[in-house]
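Here are my notes on the model. Please read them with the structure open.

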Amino acid sequence: MEDARLSFKDMCERFDVTPRTLRYYEYIELLSPERQGRSRFYGAKEVARMTLILRGRKFGFQLEDIRQWLLIYEKEGNEAQMRAWIDMADGQMRELDEQRKQLDEAMNELKSLRDDVASDLGI
């Protein structure tokens with residue numbers, strides 16, 4: 001198991017994040033690496049958490065929401081965490097759908113304005 005640990009540098013490389021990001025995730029208690037002197041080492045649990053954090057960020061979740069969701073597992077277990085995930089995912093899908101509608105409206109308005117200007121120019 002000792003070999004499965006990643007150094008700080010390896011963790012940054014594996015997940016393509018900056019050292020500042022990794023330190024920040026530790027600061028806000030998303031990650032808790034093992035410390036040996038000034039060195040940090042990340043085991044399987046931290047690697048799994050980082051995978052979930054980055055997946056959550058990809059889906060647009062706020063870091064605090066991700067932190068709270070990860071805490072559910074520690075305090076209430078896997079089933080409670082999965083139920084909370086469903087609620088979070090439903091809410092985020094509604095939010096993303098609203099963002100898509102706003103983006104579609106903006107694109108349609110921009111296209112219409114662009115077409116009007118092009119028409120005025122005879123293009």
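1. Start with the S1 to S3 pairing. Strand S3 covers residues 39-42 and runs antiparallel to S1, joined by 2 bridges. Leu6 has Tyr42 as its bridge partner in S3. On terms: strands (E, at least two residues) and helices (H or I, at least four) are DSSP runs, numbered from the N terminus. Two strands pair if DSSP finds at least two bridges between them.

2. Basis of these notes. The model is predicted: local features need pLDDT of at least 70, side-chain atom pairs count only at pLDDT 80 or more, and totals for chains, interfaces and linings use all residues. Residues are numbered from 1 along each chain as its sequence is written, and side-chain values use heavy atoms, with hydrogens and water left out.

3. The other side of S3. S2 and S3 are antiparallel and share 3 bridges. Gln36 stands opposite Ser39 in S3. The hairpin of S2 and S3 has 2 residues between the strands, and Gly37 there takes a positive phi near 65°.

4. The whole sheet. It is open, with 3 strands in the order S1-S3-S2 and antiparallel pairing. S1 (6-7) and S2 (34-36) are the edge strands, each pairing on one side only.

5. Phe59. Phe59 lies in the loop between helix H3 (44-58) and helix H4 (63-76). Phe59 counts as partly exposed because its relative accessibility is 33%; the class lies between buried (under 20%) and exposed (over 50%), with a 1.4 Å probe and protein chains only.
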